Amino acid sequence: GYAFNDIKEYKNDVQNNKQNLFINYSKIQSIFLVILFIICAVFPWFYLPFDKISCYLLTIEFVLFFIYAFPPFRLKERGLLGVITDSLYAQVVPCLLAVYTFSKLGNLNINLYFIVLYASWLFIAGIRNIIKHQIEDFENDKKTSTNTFVTKYGVEYAKKITIVYFFFIE
């Protein structure tokens, strides 16, 4: 998912001397690297328990990666929708997939109340994390006219809502 975002942001990152996974690779090498990442993401499911729910969670994860980074969706630049999407793909979905997978491995039942509480906490933590990241990227995003939640509403507002609603940002 982060590779997808680096693909889309390559020119902006080069312009701002910002770290990007693909800066030191040719286009062919970059394509092979993305293919390698996809293989690494899917490979464990040839050995780990895999069923309909696992498939749904993996599919949701890949779809969220794609719609966050690429047009015509490019949810990264859709304010709060981008923040929510990032929280889901970076925190909620992968952690739920891990809990589900290892509960299958251990033949354990999942407590629905625990899952709702856990997913809620992950969602809030994910929102805090992406807002913090966007605050750190604020100057670069302004230079490249990247319309994130923080560039839209400002650093001070982002810090305030993060502290008030989602605990301390620092």
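Guide: F66, at 38% relative accessibility, counts as partly exposed; buried denotes under 20% relative accessible area, exposed over 50%, and partly exposed the range in between, for a 1.4 Å probe and protein chains only. The model is predicted, hence local features are reported only at pLDDT of at least 70 and side-chain atom pairs only at pLDDT 80 or more, whereas totals for chains, interfaces and linings use all residues. Residues are numbered from 1 along each chain as its sequence is written, and side-chain values use heavy atoms, without hydrogens or water.

The structure contains 13 aromatic pairs. Rings of Phe, Tyr and Trp (its six-membered ring) pair if their centres lie within 6.5 Å, and planes under 30 degrees apart are stacked, over 60 edge-to-face and the rest tilted. Helices here are DSSP runs of H or I with at least four residues, numbered from the N terminus. F4 is buried, at 16% relative accessibility.

A further edge-to-face pair is formed by F62 and F65, because their ring centres lie 6.1 Å apart with planes at 85 degrees. These two residues are three apart in helix α3, which means a separation of about one helical turn. F65 is buried at 12%, while F62 is partly exposed at 26%. Ring pairs connect F62, F65, Y68 and Y89 into a cluster.

N5, located in helix α1 (residues 2-15), is in contact with Y68, A69, R74 and K76 once its neighbours within four places in sequence are set aside; contact requires heavy atoms within 4.5 Å. N5 counts as buried, with 13% relative accessibility.

The second largest pocket holds about 300 Å³ of space. Of its 17 lining residues, those closest to the centre are Y2, N5, D86, I130 and H133. A pocket is found on a 1 Å grid over the protein atoms alone as an open set of points where a 1.4 Å probe fits, with protein on both sides within 12 Å along at least five of seven lines, and lining residues have an atom within 4 Å of a point. Grid points are joined across faces, edges and corners, and the volume is the space filled by probe spheres set on the points. Helix α1 supplies the largest share of this lining, five residues. The lining comprises five nonpolar, five polar and seven charged residues, where Ala, Val, Leu, Ile, Met, Phe, Trp, Tyr, Cys and Pro count as nonpolar, Asp, Glu, Lys and Arg as charged, and the others, Gly among them, as polar.

F4 belongs to the largest nonpolar core, of 30 residues, in which F4, V83, I131, I135, F149, V150 and A158 touch the most other members. Such a core is a set of buried Ala, Val, Leu, Ile, Met, Phe, Trp, Tyr and Cys residues joined through side-chain atoms within 4.5 Å. Helix α3 contributes the largest share of this core, seven residues.
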